[in-house]
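My notes follow the order in which I looked.

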Amino acid sequence: MVGTAAGSLLSCALQLQGGVIDYVRRPPALSGARDIYARYIEGSSMEPRYFPGELVYVNPHKPPRLGDTVIVQEHNGDSSPVSASIGVLHKRVGGTVILRKYNPPDSEITIVQTRVSAIHRVLTPNELFGV
């Protein structure tokens with residue numbers, strides 16, 4: 001596990017610490033997958049889908065599609081730590097990435113594309129257990 005992802009209505013709401021902070025077991029379907037990582041959810045903007053303290057697994061090699069839950073990693077300058085937010089990938093338009101949040105309903109955050117260092121897809125329960 002490499003950290004947490006902010007479930008808040010603020011972009012860049014959480015700074016990531018470098019390196020691994022803990023190890024967790026992989027679900028059966030991920031036993032041979034490379035570069036899988038997990039994050040704890042912070043904040044309540046993704047409720048009722050994800051709650052604070054809940055663990056999500058992320059595969060950086062599965063391309064995200066509109067409608068997927070994603071972790072967006074942002075850089076805020078050369079010396080600033082990377083930040084991460086979780087949300088539903090809603091749109092990519094006009095040099096921005098727009099994430100939808102569940103709480104409050106239909107809320108969104110907009111992230112400038114030039115600040116995005118990565119967009120990684122959160123795996124679904126079906127993917128975790130090979131259904």
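These entries go from the whole chain to single residues.

**Ground rules.** I am working with a predicted model, in which local features need pLDDT of at least 70, side-chain atom pairs count only at pLDDT 80 or more, and totals for chains, interfaces and linings use all residues. Residues are numbered from 1 along each chain as its sequence is written, and side-chain values use heavy atoms, with hydrogens and water left out.

**Whole chain.** I found 1 helix and 8 strands. Both are DSSP runs numbered from the N terminus: helices are H or I with at least four residues, strands are E with at least two. Along the sequence I read β-β-β-β-β-β-β-β-α. Of the 131 residues, 41% are buried. Buried means under 20% relative accessible area, exposed over 50%, partly exposed in between (1.4 Å probe, protein chains only). I also checked contacts (heavy atoms within 4.5 Å). Of those between residues at least 6 apart in sequence, 59% join residues at least 24 apart.

**Strand β3.** I asked how many residues of β3 are buried. The count is 4 of the 5 in residues 55-59, so β3 is largely enclosed by the rest of the structure. I then looked at its partners; strands pair if DSSP finds at least two bridges between them. β2 (residues 37-42) pairs with β3 in the antiparallel sense over 4 bridges. There, Y40 stands opposite L55. β8 (residues 116-122) is also antiparallel to β3, joined by 2 bridges. On that side V58 faces V122 as its opposite residue.

**Cores.** A nonpolar core is a set of buried Ala, Val, Leu, Ile, Met, Phe, Trp, Tyr and Cys residues joined through side-chain atoms within 4.5 Å. The largest has 11 residues, among them Y37, V56, V58, I86 and V122. β2, β3 and β5 (83-93) each supply at least two of its residues. β5 gives the largest share, 3 residues. A second, separate core of 9 residues includes V70, L89, I109 and I111. I listed contacts for V122, leaving out residues up to four places away in sequence; they include Y50, V58, V70 and E127.

Which residues are joined by cis peptide bonds? E47 and P48 are, with omega about 10°. P48 sits in the loop between β2 and β3. N103 and P104 are too, with omega about 0°. The loop between β6 (96-101) and β7 (107-112) holds P104. D106 is in the loop between β6 and β7 as well. Its phi is positive, near 65°, and D106 is not a glycine. D106 is exposed, at 60% relative accessible area.
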